[in-house]
Amino acid sequence: MTAPEESQPAAPRQARAGGGPAGTVLEVRDLHVRIASRQGTVRAVDGVSFDVSPGEALGLVGESGSGKSMTLRAVLGVLPPEARVTSGEILLDGVNLVAQTQNELNRIRGTKMSMIFQEPMSALNPVMRVGWQIAEGPQVNLGFSRAKAAERALELMRRVGIPDPERRFRAYPHEFSGGMRQRVMIAIALSCDPEVILCDEPTTALDVTIQDQILRLLARLCRESGVSLVFVTHDLPVVAQICQRVSVMYGGQLVESGAVSDVLLDPRHPYTLGLVRSAPDFDYVRESLIPIPGAPPSLITPPPGCRFHPRCEFAEEDCRVSETPLRLLPGGRATACLHYERVLDAVAADRAQS
Amino acid sequence: MTTADSAASQPAAAPLSARGVSVYFPVGSQVVARVQGEERRLRAVDGVDLEIGRGEALALVGESGSGKSTLALALCGLQPVNSGEIKLNGKAVGARRSQADRRRVQMVFQDPYSSLNPRLTVGGVLRELLRVHHVVPRGDVAAESKRLLTLVGLPEEAVGAYPRQFSGGQRQRIAIARALSLRPEVLIADEPVSALDVSVQATILNLLASLRAELGLSLLLISHNLAVVRHLCDRVAVMYLGRIVEVAPTEQLFSDPRHPYTRALLAAIPRLAVGAPDAGAPAISGDPPSPLRIPAGCRFRTRCPIAQQRCEEEDPELTGAAEAPGHLAACHFAFAPAGTGLARAWEQA
């Protein structure tokens, strides 16, 4: 086990993890999302920063209520009516999306950014032929003629591996299997050559063999067309399959980020360690699983100091009081834990056991 | 893993066994079907042989639509079977089970939000069962309810609360307490953790493992998550289109899968330790065929990388080989001797 790394002087929360290529497509800076509710204001996203390079897949993981989906919705500008971005910037190619009007957003969403949802059946139009659903984007956003858009749809259907596209063009979503519907969703997302595709648990509703097909398809598209992915999921092995970098969210904040293999196999934050320990791993069968004690924090009155401290086995007095911004570590990693050296010992002990 | 004690103390008759069990659902007009002489029925479960030993944890895995849940309902007595026989402790049971037989097999469902009656308190749910089945004398019902809640790790005060006051993990504990209240011999858990968050899943899986050890329960775990299965179960049965295609002790199945479908399933699991998928083809292409049109011959042949002429003509039986006791597979080539042409087909695939 390596000795605890020298941590660099505390950087602000917008500390950037991972030294990807200089050009970034999407940059989120200190994003805050608040939701008004009868019980009070929910601080759903609280100072989240990340960036995505061209052709890169970034994973955003956490449990339900961690704010990962809210972050994604804020980026796309489709927050529920009671939620608002209260501060922060979302820069797509240097343009701040938060400051844009609806009209401008609509144009950007069509051509530069698209989304793949978890449940393809509810995201597709049930009474419109799938071919025309794929062709709609190019028609509306790129000004393609009907014939040219149809041709583009056929080409996309071929690219995402829908067999017999000429016949399937005229089919309705209900005639497709779950995996094929998700391929249609991917074709729609690709239809205007976006720079970023936001994926909200795109394989959670699928069987494992179909999930494998879709993940490989997404990885291939990333490689071939240089499109970037932001991949939201709670499934750590899926992140390991598709993403190069990962950011872990807890209670509306980022708690750790870095290269996927570093973060998942050698975590630097007790919450990440808890996630890894509590999920059964196919390659490593433990005597018994180690659940994370307690429950996720209330985001209306979050605990002071580190939001994870009430559930943390390594918590100290200072965790209860001081804010815990992401700190940069060597190797392009970052952690929000004040005492991450203790996690190292736990990881080492785990490894010795296996 | 606790594999050792289950096999040793196994008496002659298994607490639950099935032979040739089939469940069909009629689809569309049966009159037209008869006139036109076609088969309009969905063969959800199509001739399943399965045995759960005493104290054993058996996993049932497969894709959606493979018939796992229908089989579970049939074993539980909630779904009438079209043919075949289900035996409890070696005694065949009919379509209508006696009250005593109904108690023997209990079930925990996937979604703890819809499987609990929202109008009954937790205590109300348990009291009803304890009284109807005369599990304990009337005077002890309240005490027994509290004991059950303690058993599944809930506070005794939970008796007076309604399901909506609990989180998903706690509701699943209530569902487990409900199943255990009848002191069953076999507990069937149908995807018990897939509706729960990762950190909560671990608590429920640990609970199932400890209950099994404490109470000597037999457990049938239905899951699509092979990592969960590897953690909890002694033996695994793989189901495909209504039939069991392979069954073996857990570690043997995962280290030496013999059916091409099992191999594909294992290759498709996303793994923490393995990086991004290589550029290669997916483990298996295409979707499973509709159970309305099960292919003739071997039902897996349409997606099988090593399918031959013979697979179109002959439906393979679930058979084993002398060198691998307890390992059965329904593939013509599962136990083909090394060096034959078909063993080479494997290597290439």
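Two strands count as paired if DSSP finds at least two bridges between them. The model is predicted: local features need pLDDT of at least 70, side-chain atom pairs count only at pLDDT 80 or more, and totals for chains, interfaces and linings use all residues. Residues are numbered from 1 along each chain as its sequence is written, while chains are lettered from A and ligands numbered from 1 in the order in which they are written.

**Chain A overall**
- Chain A holds 13 helices and 12 strands. Helices (H or I, at least four residues) and strands (E, at least two) are DSSP runs, numbered from the N terminus.
- The radius of gyration of chain A is 21 Å, close to the 20 Å that the globule rule gives for 354 residues, so the chain is as compact as a globular protein of that length. The radius is taken over C-alpha atoms, and the rule is 2.2 Å times the number of residues to the power 0.38.
- Along the principal axes, the C-alpha atoms of chain A fill a box of roughly 65 × 45 × 40 Å.
- Of the 354 residues in chain A, 49% are buried. Buried means 20 or more other C-beta atoms within 10 Å of the residue's own, exposed means 12 or fewer, and partly exposed lies in between; C-beta atoms are placed from the backbone.
- Take the contacts in chain A between residues at least 6 apart in sequence: 66% join residues at least 24 apart. A contact requires C-beta atoms, placed from the backbone, within 7 Å.

**Around S7(A)**
- S7(A) is mostly covered, with 5 of its 5 residues buried.
- Both of its faces are covered: A:Val196, A:Leu198 and A:Asp200 are buried on one side, A:Ile197 and A:Cys199 on the other.
- Strand S6 (residues 113–116) of chain A runs parallel to S7(A), paired over 4 bridges. Here A:Met113 stands opposite A:Val196.
- S6(A) is also covered on both faces, with A:Met113 and A:Met115 buried on one side and A:Ser114 and A:Ile116 on the other.
- S7(A) and S8(A) pair in the parallel sense too, over 5 bridges.

**The antiparallel sheet**
- Four strands of chain A form an open sheet in the order S2-S1-S4-S5, with antiparallel pairing.
- Strand S2 (40–52) and strand S5 (95–96) of chain A stand at the edges with a single partner strand each, so one side of each is left without a neighbour in the sheet.
- Strand S1 (residues 26–37) of chain A is joined to S2(A) by 10 antiparallel bridges. A:Ile35 stands opposite A:Val42 in S2(A).

**A:Asp262**
- A:Asp262 sits in helix H10 (residues 260–265) of chain A.
- With 19 other C-beta atoms within 10 Å, A:Asp262 is partly exposed.
- Neighbours within four places in sequence aside, A:Asp262 is in contact with A:Gly331 and A:Arg333.

**Contact between chains A and B**
- Chain A gives 39 residues to the contact and chain B gives 36.
- On the chain A side, the elements that give two or more residues are helix H7 (178–190), H8, helix H9 (236–242), H10 and helix H11 (270–278).
- H8(A) supplies the largest share of that side, 8 residues.

Note on methods
Contact = placed C-beta atoms within 7 Å.
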